[in-house]
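Open the model in your viewer and keep the selection panel at hand. The stops below say what to select and what is there.

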Amino acid sequence: MKQLLVPTDFSKVAENAIDFAVQSSKVFPAEITLVHSFETGDSAYADYLGVNKEFNRSMISDANEKLDLIKKEIKQAHGIVVKTMVSTDSLLDTLTKFGNEHSVDLVVMGTLGASGLKEKLWGSRTSALIGKTTVPVMVIPDEYTWNKPKKMLLATNHFEDKPNVLNYIFNIAGLFEATMQVAVFTDENDDKTQEFQDDKKKIEEYKTLLQTTYKEDTISSVHLSGEKFEETLQTFIKENNVDILVMVTYQGTFLSRLFNPSKTKRMSYHTSIPLLAIPASKGETK
């Protein structure tokens with residue numbers, strides 16, 4: 001975990017993400033890069049008049065000044081030197097390009113959560129990245145206050161066994177010196193009794209696999225059931241003092257994403273703790 005990339009729009013929400021990255025770098029050495037991105041205007045007529053060029057020049061200058069100020073504040077308060085950059089590409093393109101060129105290990109990004117209009121803004125930008133970027137994304141809720149993670153929960157219905165995904169998860173758990181718990185959710189409305197029993201059996205087998213593979217006797221498992229995934233998971237998180245929720249994302253068809261958004265995206269709006277979203281294809285070559 002050497003390279004952390006933190007997008008910012010200079011809001012309070014983004015400050016939470018920056019703080020998480022800074023505090024994490026005190027736990028394990030990591031280089032932090034703050035990035036502000038905005039897409040430039042594409043009007044040919046405005047470019048001809050010089051409007052876009054002047055506007056973009058002003059935007060870039062303003063963003064660099066704000067980033068420099070944050071950089072100085074972090075250096076003074078924490079003694080940590082961070083890098084900064086401004087991009088005129090879309091956020092996804094910026095993260096993809098920078099991530100590939102600099103081998104970014106983790107994107108740390110804030111979210112406003114499910115709060116009406118706010119959900120449509122920065123929170124939606126964060127959610128949009130989940131499942132699209134090849135780099136894992138740590139989603140930091142707007143009301144979250146840093147607390148060194150001691151307990152991580154992997155919520156799964158796929159029982160992931162790919163080393164590139166599991167190694168990443170247990171590497172982060174090791175860096176934070178956090179215990180790991182795995183959970184599977186069964187929908188009481190949709191699943192039959194046999195499916196409930198199958199999930200119950202699989203989660204125990206999965207726990208044993210992880211304990212054997214990673215030599216971690218402290219790994220535990222839980223079988224959750226309820227009418228709503230988000231509410232059931234949130235209740236368990238609060239009652240059991242979970243510090244980081246881990247979920248693995250899978251690419252689906254356009255229609256499946258439109259009519260059945262991923263559980264990870266939905267949780268990015270509802271989680272009260274950091275959510276680590278890891279692409280199932282992480283580490284794979286095309």
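**Confidence**

Colour by pLDDT. This is a predicted model, with a mean pLDDT of 82 for the protein. Of its residues, 80% reach 70 or more. Now select residues 113–122, where pLDDT is below 50. Beyond near neighbours in sequence, that stretch has 16 contacts in the model. Next take residues 253–261: pLDDT stays under 50 here too, and the model has 6 contacts for them beyond four places in sequence. Where pLDDT is low, predicted coordinates should not be read in detail.

**The sheet**

Switch to cartoon and show the strands. An open sheet is formed by 10 strands, in the order β3-β2-β1-β4-β5-β10-β9-β6-β7-β8. The pairing is mixed. Look at the edges: β3 (83–87) and β8 each pair on one side only. From one strand to the next, the twist averages 25 degrees.

**Strand β4**

Select β4 (106–111). Is it enclosed or open to the outside? 6 of its 6 residues are buried, so β4 is largely enclosed by the rest of the structure. Show the side chains. Leu106, Val108 and Gly110 point one way, Val107, Met109 and Thr111 the other. In a regular strand, side chains alternate between the two faces of the sheet.

β1 runs parallel to β4, joined by 2 bridges; leucine 5 has valine 107 as its bridge partner in β4. Strand β5 (residues 137–141) also pairs with β4 in the parallel sense, over 5 bridges. There, threonine 111 stands opposite proline 141.

**Glutamine 3**

Stay with β1 (residues 3–7) and pick glutamine 3. Why does glutamine 3 count as buried? Its relative accessibility is 17%, and the cut-off for buried is under 20%. Its side chain makes a polar contact with the side chain of glutamate 31, at 3.1 Å. Leaving aside residues up to four places away in sequence, glutamine 3 touches Glu31, His102, Ser103, Val104, Asp105 and Leu106.

**The nonpolar cores**

Select Leu34, Val108 and Leu276. Among the 48 residues of the largest nonpolar core, these touch the most other members. α6 gives the most to this core, with 8 residues. Another core, of 30 residues, lies apart from it and includes Leu95, Phe185, Val222 and Ala277.

Zoom in on leucine 34. Its contacts beyond four places in sequence include Val6, Ile18, Leu67, Ile70 and Met85.

**Helices across the sheet**

Select helix α6 (residues 163–176). It lies across β4, β6, β7, β9 (244–249) and β10 (275–279), at about 150 degrees to β10. Then select helix α8 (residues 229–239), which lies across β6, β7, β8 and β9. α8 runs at about 140 degrees to β8.

Strands β6 (residues 151–155) and β7 (residues 179–187) run parallel, joined by 5 bridges. Alanine 155 has alanine 183 in β7 as its bridge partner.

**Serine 221**

Finish on strand β8 (residues 220–226), at serine 221. Is serine 221 buried or exposed? At 17% relative accessibility, serine 221 counts as buried. Which residues does serine 221 touch beyond four places in sequence? They are Gln181, Val182, Ile203, Glu204 and Lys207. With glutamate 204, the side chains make a polar contact at 3.1 Å. Isoleucine 203 is 18 residues away along the chain, yet the two C-alpha atoms are separated by 6.6 Å.

Key:
Residues numbered from 1 in each chain as written. Heavy atoms only, no water. pLDDT = per-residue confidence, 0-100. Contact = heavy atoms within 4.5 Å. Helix = DSSP H or I, 4+ residues; strand = E, 2+ residues; numbered from the N terminus. Buried < 20%, exposed > 50% of the residue type's maximum accessible area, 1.4 Å probe, protein only. Polar contact = N/O pair within 3.5 Å; in protein donor to acceptor, adjacent residues only side chain to side chain. Pairing = 2+ DSSP bridges. Axes fitted to C-alpha atoms, helices over the stretch in contact; angles between N-to-C directions. Core = buried A, V, L, I, M, F, W, Y, C linked by side-chain atoms within 4.5 Å.
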